[in-house]
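Please keep the sequence and the model open beside you as you read.

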Amino acid sequence: MIRFENVHKSFGHIEVLKGIDGEVEKGQVACLIGASGSGKSTLLRCVNGLEDYQQGRILVDDQLVDAHAASIHDIRTRVAMVFQRFNLFPHMTALENVMEGPLHVLGEPRAEVRERAEEHLTRVGLADRVNSYPSALSGGQQQRVAIARALAMRPDAILLDEPTSALDPEMVGEVLTVLRDLAEERMTMLVVTHEIQFAREVASSVFFLDKGLIAEHGSAEEVLTRPQNARTQDFLRRVT
Ligand code: ADP
Ligand code: MG
């Protein structure tokens, strides 16, 4: 579904991604772990063209990701993004946030969009908060709205960049529960996360990114329980 081939990315003279290879298979969850500054967000942002890259290829379902080509709009509707800080529209209710993409990007009929938006909000446990503005919602609720908003685009895959990192501890569980349900329904997801226990439960594969390179890659069991690389071992010791 998503494939990285020798992806290099620099900001000015600083090379942040130094030749990334890997893939996320359809219907599977891949988790991306690594220290702050290792390039996790940059890699995710390259997949839907929020950043460009200078060398190598990223393919989404065999379509080349090129941030400067018109095709990037199509890729963005197929690969949804959920951010650490939710990024909801503050002047719109939960329902309006979820309706925005299908209505204005996909151009679907309002009545249908509304019905589906309500279904998505129900699915993330927010049936009773459809008319609330983001400022009236907790962090966990806002992130669930953001997930509903991503689902409303009926994406082929969802990218999630530390979806629980900005949340108070008591709200992490409700968001992870939604993600577990999605994983069970075989939504393809690439998740940057420090929630190692969650990664153990849902990830089919885990990538450990270290200073712009995939230092270790394998099943959740291999990377998280029996890491071979000293830097993976050190990282896991620090986050668990
Ligand atoms: P992570 O998500 O793993 O913490 P990032 O992908 O955010 O790492 O950042 C990787 C490196 O790229 C860091 O050194 C960061 O300072 C740098 N970086 C990220 N975005 C930019 C940018 N827009 N301009 C310049 N440098 C950036
Ligand atoms: Mg980041």
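## Around the ligand

The model is a predicted one, in which local features need pLDDT of at least 70 and side-chain atom pairs count only at pLDDT 80 or more, while totals for chains, interfaces and linings use all residues. Residues are numbered from 1 along each chain as its sequence is written, and chains are lettered from A and ligands numbered from 1 in the order in which they are written.

## The chain as a whole

The chain has nine helices and ten strands, taken as DSSP runs numbered from the N terminus (helices: H or I, at least four residues; strands: E, at least two). Its radius of gyration, 18 Å, is close to the 18 Å that the globule rule gives for 240 residues, so the chain is as compact as a globular protein of that length; the radius is taken over C-alpha atoms, and the rule is 2.2 Å times the number of residues to the power 0.38. Along the principal axes, the C-alpha atoms fill a box of roughly 50 × 40 × 30 Å.

UniProt, in an unreviewed entry, lists residues 2-236 for "domain: ABC transporter"; its positions are given in the numbering used here, feature names are shortened, and annotations may be inferred rather than shown by experiment. That span is 39% helix and 26% strand, and its end C-alpha atoms lie 26 Å apart.

## The core

Buried residues make up 45% of the 240 in the chain. A residue is buried if 20 or more other C-beta atoms lie within 10 Å of its own, exposed if 12 or fewer, and partly exposed in between, with C-beta atoms placed from the backbone. The largest nonpolar core has 74 residues, and Leu32, Met189 and Leu190 have the most contacts inside it; such a core is a set of buried Ala, Val, Leu, Ile, Met, Phe, Trp, Tyr and Cys residues joined through C-beta atoms within 7 Å. Helix 5 (residues 139-152) gives the most to this core, with seven residues.

Leaving out residues up to four places away in sequence, Leu32 touches Lys40, Leu43, Leu190, Val191, Val192, Phe207 and Leu209; contact requires C-beta atoms, placed from the backbone, within 7 Å.

## Out in the loops

| Residue | C-beta neighbours inside 10 Å | Class |
|---|---|---|
| Tyrosine 133 | 16 neighbours | partly exposed |
| Arginine 154 | 15 neighbours | partly exposed |
| Glutamate 162 | 21 neighbours | buried |
| Leucine 106 | 12 neighbours | exposed |

Arginine 154, between helix 5 and strand 7 (157-161), has phi near 45°, a positive value in a residue other than glycine. Glutamate 162 sits in the loop between strand 7 and helix 6 (169-184), and its phi is likewise near 45°. Leucine 106 lies between helix 3 (94-105) and helix 4, and its contacts beyond four places in sequence are Thr77 and Gly101.

Definitions and conventions. Two residues are in contact if their C-beta atoms, placed from the backbone, lie within 7 Å.
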